Amino acid sequence: MIMTTHDVQRISAQIWDAKLANDMTAVAGFIADNARFVHMGITFDKAGELEVFNDKIFIFKAVDIAEEYVVDYGSTAIIFKKMILTAAIGGNEVQNPFVLSEVFTKTEDGWKLAAETYTRVATDFDTCKMWGT
């Protein structure tokens, strides 16, 4: 089976659709067992990531992606997304500008999400440049 960066983007979109629907069972199938997640300095493994969503500590409400690009390294692909994320965190609704890095690795079962890092944009969002696009 030939898997392309378009497959990675499709899988990322499916993950986001499932997160917005709070369907963590669907999300879990796309995540590598040894994956790591960084949310503004808090690091989770796969079980921890799923737990904060299942326990509704994190509830993603909306995402507005301003820019996106993929870097293909063969068996690894990284998607960079400049986005505004609206979420309920610990019961408080917040809206934050982020650059999200999603690292995917090619496995026998297809592309799997291996790491995800949310970096808050501390400058003007509209003029924030993602180099490499």
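This is a predicted model: local features need pLDDT of at least 70, side-chain atom pairs count only at pLDDT 80 or more; totals for chains, interfaces and linings use all residues.
**Entry 1: helix α1.** I looked up α1 and found that this helix covers residues 5–20, 16 residues in total.

**Entry 2: the buried side of α1.** Which residues of α1 are buried? My list reads Thr5, Asp7, Val8, Ile11, Ser12, Ile15, Trp16, Ala18 and Lys19. I recalled that an α-helix has 3.6 residues a turn, so residues three or four places apart point the same way. Next I checked what covers these buried residues, and the cover includes α2, α3, β3, β4, β5 and β6.

**Entry 3: the core.** Trp16 turned up again in the largest nonpolar core, where it is among the residues with the most contacts. I counted 29 residues in that core. Helices α1, α2 and α3 each supply at least two of its residues, as do β1, β3, β4, β5 and β6. I also found a second, separate core of 7 residues, with Tyr69, Ile84, Val99 and Val121 among them.

**Entry 4: Phe60.** What does phenylalanine 60 touch, leaving out residues up to four places away in sequence? I found contacts with Trp16, Lys19, Leu20, His39, Phe53, Leu85, Thr86, Ala87 and Tyr118.

**Entry 5: the partners of β6.** I saw β6 run parallel to β1, joined by 5 bridges, with arginine 36 opposite alanine 115. With β5, the pairing is antiparallel over 10 bridges, and threonine 105 has lysine 112 as its bridge partner. I noted that β5 and β6 make a hairpin with 2 residues between them.

Methods. Residues are numbered from 1 along each chain as its sequence is written. Side-chain values use heavy atoms; hydrogens and water are left out. Helices (H or I, at least four residues) and strands (E, at least two) are DSSP runs, numbered from the N terminus. The expected span of a helix is 1.5 Å times one less than its number of residues. Buried means under 20% relative accessible area, exposed over 50%, partly exposed in between (1.4 Å probe, protein chains only). Contact means heavy atoms within 4.5 Å. A nonpolar core is a set of buried Ala, Val, Leu, Ile, Met, Phe, Trp, Tyr and Cys residues joined through side-chain atoms within 4.5 Å. Two strands pair if DSSP finds at least two bridges between them.
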